[in-house]
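My notebook is open for a walk through this model. I will jot down what I look up as I go.

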Amino acid sequence: MPHRAFFWFILPSALAMLLFIAVPIASVVIQSVHIEHPKVMEEVETCGPFNCTTEMRVDAEATAKLKQAEPLGKFIGLETYFNRNHLAIDSVKTQWQQRDGFFSFVRGLYNLPFYKALSFTLVYTFVVTPLVIVLGFMIALAVNSIPKILRGPAIFVSLLPMIVTPLIGSLVLFWMVDANGVLGSAIQRIFDDPNLSLKASPPLTWIMLLVYGVWHSAPFAFVVFYAGLQTVPQDTLESAMIDGASRWERIRFVVLPHSAPLVTFVGLIQLMDNFRVFEPIVGFNASASATSLSWIIFNDLFGQQQLFGSAAATSLLTILGVCILLMPVLIRTWRQNNRVVA
Amino acid sequence: MISFKNTLLTGSLLLAFAGTVQAESACGIKQGTISILGNDFPALHAVVDAAEKCAGGDVTFSKNHSKDFKDVMIAALTADPAEYTSVIVNNGVLVTLMNDGLVKPLDDLVAKHGAALKKNQLITVDGKVMAVAFMANAQHLFYRKDILDAAGVEVPTSYEEVLSASKAIQDKGLMEYPYAGTFKAGWNLGEEFVNMYMGTGGSLFKPGSAELDINNEHGVATLNMLKSLTEYMNPDYLTFDSNVVQAEWEAGNVALSNLWGSRTAAVLDDEGSSEEVTSATMFTAAPVLGGGSTPSTTLWWDGFAISTNTSNEDAEATFIAMMNGISSDVANNNADEAVWLIDGYTPGAAAVGVAETAAAGAKPYPMVPYMGALHGAAGDELSDFLQGNEDAETALADIEAAYVAKAKEAGFLQ
């Protein structure tokens, strides 16, 4: 393709990417290296229905003047990234120096909000992603082998968890696992422990969220694999059968190699999706036991004190995390492409 | 064509004329735009619905009741002209608006149209009236008379007595989890911390600064009491907000709770509960802590403020309409929906708890601008302590560290 034609061909999508991806990220970068101006404070008498007190107040006019002079706020470089609510470099250093064995160091890290969120996010990503791939593949195989007339309803039912809005789905499950709910009381009966509560202990909350994650995402993997199964060459399958291959061997040596690119695709999408886990934490009211990077961003933006710089810094750290996670997969894809060209 | 146009013109002129007449007869407002933003609960509906009666003719009226009003108000009022001429605020929210200078002083309007207001309804900051309060709210003690009698204990007046009463109820096998609190991680848990801390008599901040002053014996006493209470609470307590606690109460699972005054009417009504529970539900002042005399709770008020970015004409129209909204008729017709601060209101049975709490000398929720940062930090960091992962001193140090980072970013600390 001549360069000129290529340029005009790529221009619309390049413009769209610039506008909808590059510009927002650039603005988040700028936001993350600024904090609000020091507030001009004054002490004034405040009276309400109950009493009068002398309290501190922001001098709105004087503060507005500062804001007008420098609308972006005060530049502080990377300080927000390193403060206690993010990477907490200082706390990590002191904990490393005063560590009392590796385990206590990890416990200390877990006490810091960013690392607490990161640990759940990573566990969620690395447990849910493989399970979703395996389960999705198994559902696809099962649906593919039932009589054609039943496939439509079977596909519809299998897709339901994905159709339900994540927040609603998690709320429904939240009430079901309540001690008075269907699942909650069933679990109490099975384990013969009337005090067993999935919402009370952090490990059980984690398991509940992981199960929810698999339940919610498996249909996506199923749909992709099911589509892939329709393209498996029938000739190869038939010749394998003539050679006396069992069902397992046919899956292992014909279907699986054929579906390998799909596994990469589902894995990639799921890694990204699961790394930004958010809705189940809100839906399950789980923030006491499990938080995620996305939840921290939400909490900064909708908390009592809105912190845009903090939210921006966590957003960029999340983007960085996604890049690191996808690196192996991307490198592999890049190498494969190069090989084809060569 | 011309005659058609003329007819239209005459018609609209007539309409406008009719409108003016009608509006003047409604509340005496000639013209203006009134739009009100506020939280979503029955007492506020009563007020805003009464204010809406001033609409008609050249007076346009719109309202938005939303649980998430806090999240939209800053952007809505920063616009010029503001999206809403008035916001219904409370002590926590007014500060946020004042930090950015988004609400205007009301002294002129109060002098002109506020003859019916009591002096204690005026929220004045530095001598200027910034809001007009019309109702009070506080978390206070709900108790089940029948259960306490069966357990043979008096109505608790201190948290130590709450613990012993809960133990007695548990020991007699009357209830498994006799106490319930709004301990949901986040805002609710932060509020429980602030409430309990108020009972110690300590101050949250060093005087005249945004520096925290909680890592001391007051803070430890606060945390230890919160932890002791959880022993008598449903193990899911970190997911309990007011809605859940109310449901548990109405289901008859709970005998003691420090719950919001705005929930009393909902608990007593004939929906969602049984006669056995509602007839034995009583209210009293919030308990004290550790032999102190200040109830461990904070007093809240709800009131209206008027946007800076609104014309004088609209501001006046809004003020007059809101004055109609907070008339003594509205208060007396909705006597059980809230504890009204309005002149001429006779408190109902549901208002006893808030009234007694205020009379016992409870402190108002602090109106300092950096309160939100502390409230948020406490709500996020306390769950680790309650789950038994760390001791009180570490938890307090965590709250302080989280607060410092937030307050620095917001420009309150250097």
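**Where the chains meet**

For my own reference, strands pair if DSSP finds at least two bridges between them. Strands here are DSSP runs of E with at least two residues, helices are runs of H or I with at least four, and both are numbered from the N terminus. I looked up one partner and found C47(A) bridged to T124(B) in β4(B).

A note on what I am reading: this is a predicted model, in which local features need pLDDT of at least 70, side-chain atom pairs count only at pLDDT 80 or more, and totals for chains, interfaces and linings use all residues. Residues are numbered from 1 along each chain as its sequence is written, while chains are lettered from A and ligands numbered from 1 in the order in which they are written.

Next I checked the whole contact, which takes 42 residues from chain A and 51 residues from chain B; residues are in contact if their C-beta atoms, placed from the backbone, lie within 7 Å. On the chain A side, β2 (41–47), β3 (52–58), α2 (60–69) and α15 (308–341) each supply at least two residues. The largest share, five residues, comes from β2(A).

**A covered strand in chain B**

How many residues of strand β3 (residues 86–90) of chain B are buried? I found five of its five. Buried means that 20 or more other C-beta atoms lie within 10 Å of the residue's own, with C-beta atoms placed from the backbone. S86(B), I88(B) and N90(B) are on one side of β3(B), with V87(B) and V89(B) on the other.

Then I looked at its neighbours. Strand β1 (residues 32–38) of chain B pairs with β3(B) in the parallel sense over two bridges, and I36(B) stands opposite S86(B). Strand β9 (residues 298–306) of chain B runs antiparallel to β3(B), with five bridges; there, D302(B) is the bridge partner of N90(B).

**A helix with a buried face**

My last stop was helix α7 (residues 159–171) of chain B, where Y159(B), V162(B), A165(B), S166(B) and I169(B) are buried. Seen down the axis, the buried residues of α7(B) fall within an arc of 110 degrees, so they line one face of the helix; the arc is that of the directions from the helix axis to the C-beta atoms. Their cover includes α6 (145–151) and α9 (217–230) of chain B. Just after α7(B), I noted that G173(B) takes a positive phi of about 75 degrees.

Terms used:
A residue is buried if 20 or more other C-beta atoms lie within 10 Å of its own, exposed if 12 or fewer, and partly exposed in between; C-beta atoms are placed from the backbone. Two residues are in contact if their C-beta atoms, placed from the backbone, lie within 7 Å.
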